[in-house]
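This report covers strand pairing and nonpolar cores. The structure is shown first.

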Amino acid sequence: MSPVKQFTCIVCPRGCLLTVEITEPAADAVSGAPNYLDAVRVVGAACGRGVVYGRQEATAPLRSLTTTLRTSGADRPRLPVRSSADLPLERLLDACIALDTVVAQAPLRCGDVVMADLLGLGIDMLASDDLAVCPANGASHG
Ligand code: SF4
């Protein structure tokens, strides 16, 4: 029996219930290579965006990462940050472990790269807010 996964599409508020069936890929008629696109069938999506999301979520799920980092020389102890793109779900824990050692140095502006190329994935961690220098000039937290 083919693996079947069910989940709610989160691309828009309508929240369609998607059923994704994954079958053994058939060989392409021309090249003979496995045709993975036809091997993943999405049912229940009211639009094409849901089909794309369903295929991605069932085969290689992605998640955005938001967290906070310790700061140095700043007016507060933690800085909220977010990933510049979604990363593979199975790498989230590794990413959090890597970020635990990162210290955001003030000053920073919202959108600045705080850490480049997270885990070699080509994804940066960006400041989600401005980070001002501590009025006491250089006092650090954390
Ligand atoms: S399938 Fe389309 S309409 Fe349904 S929730 Fe996803 S994006 Fe919205």
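Lys5 lies opposite Val20 of strand S2. The model is a predicted one. Strand S1 (residues 4-8) and strand S2 (residues 17-22) are antiparallel and are joined by five bridges.

Strand S2 is also joined to strand S3 (residues 40-43), again antiparallel, through four bridges. Here Val20 has Val42 of S3 as its bridge partner.

## The five-stranded sheet

Five strands form an open sheet with mixed pairing, in the order S8-S5-S6-S10-S9. The edges are strand S8 (103-105) and strand S9 (113-115); each has a single partner strand, so one side of each has no neighbour in the sheet. From one strand to the next, the twist averages 50 degrees.

Met115 stands opposite Met125 of S10.

## Nonpolar cores

The largest nonpolar core has 14 residues, and those touching the most other members are Leu69, Leu79, Val81, Ala104, Val114, Met125 and Leu131. Strand S6 (78-83) and helix H3 (92-99) are the elements that contribute two or more residues to this core.

Which residues does Leu69 contact, leaving aside its neighbours within four places in sequence? They are Arg78, Leu79, Val81, Leu99, Val102, Val103, Ala104 and Val114.

Key. Residues numbered from 1 in each chain as written. Predicted model: local features only at pLDDT ≥ 70, side-chain atom pairs only at ≥ 80, totals over all residues. Core = buried A, V, L, I, M, F, W, Y, C linked by C-beta atoms within 7 Å. Buried ≥ 20, exposed ≤ 12 C-beta atoms within 10 Å, placed from the backbone. Contact = placed C-beta atoms within 7 Å. Pairing = 2+ DSSP bridges. Axes fitted to C-alpha atoms, helices over the stretch in contact; angles between N-to-C directions.
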